[in-house]
Amino acid sequence: MDFLVLNLGHAKTVHHWSNRDISSPFIRLFYVKEGRAVFHMPQGDLTLSAGHIYMIPTYLPHAYECEPGLEFYYLFVFQTIHTASDIFEQYNFPIEVKSNEATQLLFENYCTLYPQLSLPSKDADAFLNHMAYRDYITAYMHMEEYERMQLHGLVEILFSYFMKHAVPKPIVRDARVARIVDYVNNTISEPMTVEGLADIACVTKSHLIKIFGKTLGETPLQYVIRKKIQHAQTLLLTTDMPVNAIAAKVGFRDTSYFIRLFKKNIGFTPNEYRQELIG
């Protein structure tokens, strides 16, 4: 796993706290110490309870409502490489797992070691309106090597709780689909056609569409568009590149078409998305 730690901290709500969020290109981990909250997700609502860890994966649309007195620790992680060997391409992970006493001690210790990674305030408004995530990435990259190793260790431990209950995706059983997934993620800046992908997989176009639907539940073109849009989300959040440069970076020569496609898939234009997330 190749990732950067964006934020790590502790918070406790004083008032009712809700937020309508959109999909974001970083992983959110929460350990609930006490209190109650609800995540609203496409697959249904999930009530958070004490003694559990929660992981919101990248690009999952969700909203949340927190009751007064919710006390939790948070860890926001930015994954930097997305390939077919990525465990998120290989496994479906649960969102909720039971924790143990060591989890709280880990969070308490790391929050003490790295107070600079905490979001600016326990107040809801300040919690949401902080500096751009690209600034947190810059700060992380300027840390000492041993500090990044320590943070990496914390993330690995927390992820291991979820890995214990992960279920392999069908992709790991079809080398042809895995080859296409690897190609798409490693050459995201290139224009792609279904015909070209079929040649890479050494199958006909119609057969590629068939095995893709059976394995991933979407067409090759839908997969390509989804991955290109996700990469654009990452660039919008972590860089100050203009929209036309981002469009070119993810393989769209026509910026207007890219903007229309982005809004169709995300619900916001690229500039609206950037403003929504980083203010």
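The legends below describe several close-up views of one predicted model.

In this predicted model, local features are given only where pLDDT is at least 70 and side-chain atom pairs only at pLDDT 80 or more, whereas totals for chains, interfaces and linings use all residues. Residues are numbered from 1 along each chain as its sequence is written, and side-chain values use heavy atoms, with hydrogens and water left out.

View 1. Helices (DSSP runs of H or I with at least four residues) and strands (runs of E with at least two) are numbered from the N terminus. Helix α6 covers residues 175-186 and helix α7 covers residues 194-201, and their axes come within 9 Å and cross at roughly 125°. Such axes are lines fitted to C-alpha atoms, for helices over the stretch in contact, and the angles run from 0 to 180 degrees between N-to-C directions. The crossing of α6 past α7 is right-handed, a term for the near helix being turned clockwise from the far one by less than a right angle, with anticlockwise giving a left-handed crossing. On the α6 side, Arg 176, Arg 179, Ile 180, Tyr 183 and Val 184 meet Leu 197, Ile 200 and Ala 201 of α7, where contact means heavy atoms within 4.5 Å. Sorted by class, this contact of α6 with α7 has 6 nonpolar, no polar and 2 charged residues; Ala, Val, Leu, Ile, Met, Phe, Trp, Tyr, Cys and Pro count as nonpolar, Asp, Glu, Lys and Arg as charged, and the others, Gly among them, as polar.

View 2. The axes of α7 and helix α8, which covers residues 205-216, come within 9 Å and cross at roughly 85°. From α7, the residues Val 194, Glu 195, Leu 197, Ala 198 and Ala 201 take part in the contact, and from α8 the residues Lys 205, Leu 208 and Ile 209. The residues of this contact of α7 with α8 divide into 6 nonpolar, no polar and 2 charged.

**View 3. Cys 202 and Tyr 59 each have a positive phi.** Most residues other than glycine have a negative phi, and most peptide bonds are trans. Cys 202, in the loop between α7 and α8, has a positive phi of about 60° although it is not a glycine. With a relative accessible area of 66%, Cys 202 is exposed, where exposed means over 50%, buried under 20% and partly exposed in between (1.4 Å probe, protein chains only). Tyr 59 lies in the loop between β6 (52-56) and β7 (63-66), and its phi is near 65°, a positive value in a residue other than glycine. Tyr 59 counts as buried, at 13% relative accessibility.

**View 4. Cys 66 and Cys 111 are buried cysteines that are too far apart for a bond.** The sulfur of Cys 66 has its closest cysteine sulfur in Cys 111, 17 Å away, which is too far for a bond. Cys 66 has a relative accessible area of 7% and is buried, and Cys 111, with 18%, is buried as well. A disulfide is counted where a pair of cysteine sulfur atoms lies within 2.5 Å, and by this rule the count comes to 0 disulfides.

**View 5. Met 143 is buried in a loop between two helices.** The loop that holds Met 143 runs between α4 (133-141) and α5 (145-163), and the residue counts as buried at 9% relative accessibility. Not counting residues up to four places away in sequence, Met 143 touches Tyr 114, Gln 116, Leu 117, Arg 148 and Leu 151. The C-alpha atoms of Met 143 and Phe 3 are 14 Å apart, although 140 residues separate the two along the chain.

**View 6. Glu 67 is partly exposed in the loop between β7 and β8.** Glu 67, in the loop between β7 and β8 (71-79), counts as partly exposed at 33% relative accessibility. Among residues beyond four places away in sequence, Glu 67 touches Thr 13, His 15 and Arg 36.
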